[in-house]
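Student: Can we go through this one together? I'd like to start with the pocket and then look around.
Tutor: Fine, here it is.

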Amino acid sequence: MTDWFYDLLPMAITYGMSVKEFWEEDPNLFWAYRFSYIEKIKFENEDKNQTAWLQGAYIYEAVSIALANAFSKQKLSYSKLPYGVKVEEDKEKMLEVQVAGIKARIKQINKIKTALPERDNTPEEVKE
């Protein structure tokens with residue numbers, strides 16, 4: 001039985017578990033480290049795949065623009081910003097649209113308030 005634990009020890013160290021944790025802590029901790037390690041590897045692989053895809057997209061754009069500029073009269077230019085970067089102007093435009101929407105709602109509310117018949121100014125009782 002002890003040989004089996006010695007076979008698992010290198011795996012536990014690979015997963016990031018200390019030797020003390022492996023020998024002295026709860027055996028279920030080994031499986032938690034294993035699960036965490038596998039998830040980390042999956043995330044790293046997805047990140048590498050995304051990076052490779054993005055690099056391919058940049059190369060495709062560069063080659064396409066170079067060929068288009070070589071064989072056509074219309075000259076194209078390479079992207080000024082990296083993919084996925086939003087321009088601050090877009091944020092400002094969105095903010096302006098949101099402010100305009102809020103102002104329009106305020107006007108509607110004020111219009112509704114002026115159209116309602118006035119109530120007497122006696123405060124209502126607040127009940128618990």
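**Pocket, rings and helices**

Tutor: This is a predicted model. The largest pocket is lined by Trp 4, Phe 5, Leu 8, Met 17, Glu 21, Phe 22, Trp 23, Glu 25, Asp 26, Pro 27, Phe 30 and Trp 31. The elements giving two or more residues to that lining are α1 (2-15), α2 (19-24) and α3 (28-71).

Student: What volume does the largest pocket have?

Tutor: The volume of the largest pocket is about 170 Å³.

Student: And how many of the lining residues are nonpolar, polar or charged?

Tutor: Nine are nonpolar and three are charged, with no polar ones.

Student: Let's take Phe 5. Where does it lie?

Tutor: Phe 5 lies in helix α1.

Student: Is Phe 5 buried, exposed or partly exposed, and why?

Tutor: Phe 5 has a relative accessible area of 30%, so it is partly exposed. The partly exposed class runs between the buried limit, under 20%, and the exposed limit, over 50%.

Student: What does Phe 5 touch, leaving out residues up to four places away in sequence?

Tutor: Phe 5 touches Phe 22 and Trp 23. Phe 5 and Trp 23 are 18 residues apart along the chain, and their C-alpha atoms are separated by 8.8 Å.

Student: Switching to rings. How many aromatic pairs are there in the whole structure?

Tutor: A search of the whole structure gives seven aromatic pairs. One of them is formed by Phe 22 and Phe 30, with 6.3 Å centre to centre and 70° between the planes.

Student: Why two numbers for a pair of rings?

Tutor: A pair of aromatic rings is described by both the distance of the centres and the angle of the planes.

Student: So what do we call the pair of Phe 22 and Phe 30?

Tutor: The pair is edge-to-face, because planes over 60 degrees apart count that way.

Student: Are Phe 22 and Phe 30 buried or exposed?

Tutor: Both Phe 22 and Phe 30 are buried.

Student: Which residues do ring pairs link into a cluster?

Tutor: The cluster consists of Tyr 6, Tyr 15, Phe 22, Trp 23, Phe 30, Trp 31 and Tyr 37.

Student: Now the whole chain. How many helices and strands?

Tutor: The protein chain has four helices and zero strands, in the pattern α-α-α-α along the sequence.

Student: How much of the protein chain is buried?

Tutor: Buried residues account for 9% of its 128 residues. The chain exposes about 12,000 Å², and 59% of that comes from carbon and sulfur atoms.

Student: Last one: where is Leu 54?

Tutor: Leu 54 is in helix α3. Its relative accessibility is 26%, so Leu 54 counts as partly exposed. The C-alpha atoms of Leu 54 and Pro 82 are separated by 9.9 Å, with the two residues 28 apart along the chain.

Key
Residues numbered from 1 in each chain as written. Predicted model: local features only at pLDDT ≥ 70, side-chain atom pairs only at ≥ 80, totals over all residues. Heavy atoms only, no water. 1 Å grid on protein atoms, 1.4 Å probe; cavity = no way out; pocket = protein on both sides within 12 Å on 5 of 7 lines; lining within 4 Å. Points joined across faces, edges and corners; volume = space filled by probe spheres on them. Nonpolar A, V, L, I, M, F, W, Y, C, P; charged D, E, K, R; others polar. Phe/Tyr/Trp six-rings, centres within 6.5 Å; stacked < 30°, edge-to-face > 60°. Buried < 20%, exposed > 50% of the residue type's maximum accessible area, 1.4 Å probe, protein only. Areas by Shrake-Rupley, 256 points an atom, 1.4 Å probe, with all protein chains shown as cover. Contact = heavy atoms within 4.5 Å.
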